[in-house]
Amino acid sequence: MSEEEREEGMKPWEQHSAVISIPRFDYNAPSSLLDHSHSGFLVTCTIKREKSATKEAMPILEKYVGSFSSCSSESLESSDANATTKRRKICTEEIDEECVNSVENKTASNNCGEDGGELSKDAGVSSANRDAIVENGHVLSLVKLTRSGLLLFVFPRNNSVDTVDVVSQIIRSLQSGSVKPPLWCHRIFPIQATCRLDEKELHEVVTKLVVQFVNNEQNKFARPIKFAVGYNRRGIEETEMKIPKSTPRDCNSHALLDRKKCFSVVATAVKGAVSDSVVDLKSPELSVLVELLPLSRVPNGSMVVAVSVLPQNLITTKPRLCIKALLSDTKVGNRKS
């Protein structure tokens with residue numbers, strides 16, 4: 001039986017396991033996200049299929065980012081501070097940090113993965129290419145979250161990758177059929193910046209991103225510019241229970257958990273950046289989406305949000321304002337039938 005025939009007879013998750021090793025969590029990333037702004041991607045996926053979705057998302061992002069290392073053993077802080085020598089150390093292992101200690105793995109490589117950490121020519125990158133990728137500083141770290149059905153990949157600080165353009169290319173390729181439709185990944189939210197859930201910080205980040213969006217010559221608007229604001233408070237019930245509300249910062253963050261308060265802060269920032277702008281929830285020309293990130297290993301009361309300003313072609317307004325799904329409901333229905 002040929003290798004292609006053997007692969008066709010395998011289940012999708014078995015195919016992923018055979019060719020892709022998933023990275024370990026970067027446990028230093030949450031502290032970096034508390035102190036610095038990062039770009040990246042927030043992926044929604046089928047609950048309890050996070051591992052399969054991770055393996056599925058990696059080659060998709062790798063193809064369009066052109067710089068996805070399977071895992072860097074250095075944290076975001078280290079990758080910011082150190083040069084390429086420390087970035088060369090690559091390690092892959094299971095999300096649950098379990099490595100298979102078999103004789104085959106000992107002879108295969110120093111990497112830990114479901115099947116020895118070897119990558120195929122189609123789905124992976126060679127170790128030589130990985131070193132080149134890491135040297136360029138484009139390493140996506142996998143960040144542990146407290147909510148199921150979510151994956152968070154972040155770049156080191158000061159990364160120049162246009163995450164919005166990457167997601168645009170992915171969606172166009174899926175629509176044209178040039179990329180195999182994902183089974184487990186539902187949406188990929190491009191993160192342009194992160195900040196603490198703080199009124200001043202959120203106002204500054206939104207203002208900066210809106211100005212960049214409006215000044216981009218590729219974006220054409222009618223006047224006044226129509227905008228909308230979306231706010232996703234994932235895990236709000238669990239988060240509220242952990243907030244001690246003991247400091248002014250804690251109280252500020254807790255206040256912004258209220259949708260109306262957050263909408264007010266974001267709308268004020270948009271109007272401050274673009275005076276002739278009006279709210280339009282049906283057909284906004286630009287949409288400011290704020291995603292509360294349920295980070296693991298952060299102090300109680302510390303909350304971080306991901307922020308992006310997106311064009312009209314990347315969002316959907318029904319039933320609520322959010323990033324477009326990777327597959328339309330019609331295609332999903334056809335696959336299930």
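This is a predicted model: local features need pLDDT of at least 70, side-chain atom pairs count only at pLDDT 80 or more; totals for chains, interfaces and linings use all residues.

Mentor: Residues are numbered from 1 along each chain as its sequence is written, and side-chain values use heavy atoms, with hydrogens and water left out.

Trainee: Why is H4 called roughly perpendicular to H9?
Mentor: Helix H4 (residues 50–65) and helix H9 (residues 163–176) pack at an angle of about 115°, their axes 10 Å apart. Roughly perpendicular covers 65 to 115 degrees; under 35 is roughly parallel, over 145 roughly antiparallel, and the rest oblique. That is why H4 counts as roughly perpendicular to H9.

Trainee: Which residues bring H4 and H9 together?
Mentor: Ile60, Leu61, Tyr64 and Val65 in H4 meet Val166, Gln169, Ile170 and Ser173 in H9; contact means heavy atoms within 4.5 Å. Six of the residues in this contact are nonpolar, two are polar and none is charged.

Trainee: What makes E2 and E4 edge strands?
Mentor: The open sheet has four strands in the order E2-E3-E1-E4, with antiparallel pairing. Strand E2 (141–143) and strand E4 (185–191) each pair on one side only, and so form the edges. From one strand to the next, the twist averages 25°.

Trainee: How do you know that E2 pairs with E3?
Mentor: Two strands pair if DSSP finds at least two bridges between them. E2 and strand E3 (residues 150–154) are joined by three bridges and run antiparallel, so by that definition they pair. Leu142 stands opposite Phe153 in E3. E1 and E4 also pair in the antiparallel sense, over six bridges, with Val43 opposite Ile188 in E4.

Trainee: Why is Ser296 called buried?
Mentor: Buried means under 20% relative accessible area, exposed means over 50%, and partly exposed is in between (1.4 Å probe, protein chains only). Ser296 has a relative accessible area of 13%, and therefore is buried. Ser296 lies in the loop between strand E8 (286–293) and strand E9 (304–311). Leaving aside neighbours within four places in sequence, Ser296 is in contact with Pro30, Lys144, Leu145 and Thr146.

Trainee: Why is E4 said to be largely enclosed by the rest of the structure?
Mentor: Five of the seven residues of E4 are buried, so the label follows from that count. H9 lies across E1 and E4, running at about 155° to E4.

Notes. Axes are lines fitted to C-alpha atoms, for helices over the stretch in contact, and angles run from 0 to 180 degrees between N-to-C directions. Helices (H or I, at least four residues) and strands (E, at least two) are DSSP runs, numbered from the N terminus. Ala, Val, Leu, Ile, Met, Phe, Trp, Tyr, Cys and Pro count as nonpolar, Asp, Glu, Lys and Arg as charged, and the others, Gly among them, as polar.
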